[in-house]
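The entries follow in the order I took them.

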Amino acid sequence: MFALTLSSYTAVAASSDLGLLANYYHDCPASHGPHATDLQSVIRRALRGDEAAMRSVIMHKGIFSTGDNEGYSEVPEALLRTLGDIRYANFVSSQSAEVRDAALGLLPAHTQDFARAYPRTAKLYQAWVASQRHTSNQTLQSTAG
């Protein structure tokens, strides 16, 4: 019983410093296996602004996959709120289209206060939305004929 209690306590203590990504961590099946320590380490680095770590959690592949759970959808907003508008916008601007799609596609940018609270990221989001519409329109036009 003591071992179980200690093990449970250790798991809670380890995830408590994962900030806004604690739920994401618990949704990753890797959090219950041999990669749990690596997963925690990368999440902590992502929350400090390490770009490689941010890419790993945003892209949610491999040990960062949440399986059928939707914890991955919390990642962009959690990083934006933790790192702030300038750091997050700088990160997004420097990434490939695939990472930008994942970093911007799940943000709650449709809310009233988003543009005021995160003006740089909101500008990137609006440009991203416009590019998505342009791409969709091109696809529709090329298949319509």
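Where is the place of Asp50? I found Asp50 in the loop between H3 and H4. Helices here are DSSP runs of H or I with at least four residues, strands are runs of E with at least two, and both are numbered from the N terminus. Asp50 is partly exposed, with a relative accessible area of 31%. I then checked Asp50 against Phe91: the two are 41 residues apart in sequence and 9.5 Å apart in space, C-alpha to C-alpha.

**Ground rules**

I am working on a predicted model, where local features need pLDDT of at least 70, side-chain atom pairs count only at pLDDT 80 or more, and totals for chains, interfaces and linings use all residues. Residues are numbered from 1 along each chain as its sequence is written, and side-chain values use heavy atoms, with hydrogens and water left out.

**Confidence**

I looked up pLDDT, the predictor's confidence in each residue from 0 to 100. The protein chain has a mean of 85, and 81% of its residues reach 70 or more. Which elements have the lowest and the highest mean pLDDT? Helix H1 (residues 2-16) has the lowest, at 47, and helix H6 (residues 85-93) the highest, at 98. Over residues 1-14 the pLDDT is below 50, and this stretch has 2 contacts in the model beyond near neighbours in sequence. A contact means heavy atoms within 4.5 Å.

**Overall make-up**

I counted elements next. The protein chain has 9 helices and 0 strands. Its pattern along the sequence reads α-α-α-α-α-α-α-α-α. Of the 145 residues in the protein chain, 35% are buried. I also looked at contacts between residues at least 6 apart in sequence: 64% of them join residues at least 24 apart.

**Salt bridges**

How many salt bridges does a search of the whole structure find? It finds 3. The criterion is a side-chain nitrogen of Lys or Arg within 4 Å of a carboxyl oxygen of Asp or Glu.

I took Arg44 and Asp17 to begin with; their side chains meet at 2.7 Å, N to O. This pair links distant parts of the chain, with Arg44 in helix H3 (residues 36-47) and Asp17 in the loop between H1 and helix H2 (22-27), 27 residues apart. Arg44 is partly exposed, because its relative accessibility is 22%. Asp17 is also partly exposed, at 42%.

Then I looked at Glu98 and Lys61, whose side chains form a salt bridge at 3.1 Å, N to O. Here too distant parts of the chain are linked: Glu98 is in helix H7 (residues 97-105), and Lys61 is in the loop between helix H4 (51-59) and helix H5 (75-83), 37 residues apart. Glu98 has 45% relative accessibility, so I logged it as partly exposed.

Asp113 and Arg116 make another salt bridge, with the closest N and O atoms 2.3 Å apart. Asp113 is partly exposed at 44% relative accessibility. Arg116 is exposed, at 64%.

**Helix packing**

I describe two packed helices by the angle between their axes and the distance between the axes. Axes are lines fitted to C-alpha atoms, for helices over the stretch in contact, and angles run from 0 to 180 degrees between N-to-C directions.

At what angle do H4 and H5 pack? The angle is about 150 degrees, with the axes 9 Å apart. That makes H4 roughly antiparallel to H5. The classes are roughly parallel under 35 degrees, roughly antiparallel over 145, roughly perpendicular from 65 to 115, and oblique for the rest. Met54, Val57 and Ile58 in H4 meet Val75, Leu79 and Leu83 in H5. I sorted the residues of this contact: 6 nonpolar, no polar and no charged. Nonpolar covers Ala, Val, Leu, Ile, Met, Phe, Trp, Tyr, Cys and Pro; charged covers Asp, Glu, Lys and Arg; the others, Gly among them, are polar.

H5 and H6 pack at about 130 degrees, with their axes 6 Å apart. That makes H5 oblique to H6. Pro76, Leu79, Leu80 and Leu83 of H5 make the contact with Asp85, Arg87 and Tyr88 of H6. The residues divide into 5 nonpolar, no polar and 2 charged.

**Backbone check**

Most residues other than glycine have a negative phi. I noted that His60 has a positive phi of about 40 degrees although it is not a glycine. His60 lies in the loop between H4 and H5. At 27% relative accessibility, His60 is partly exposed.

Technical notes:
Buried < 20%, exposed > 50% of the residue type's maximum accessible area, 1.4 Å probe, protein only.
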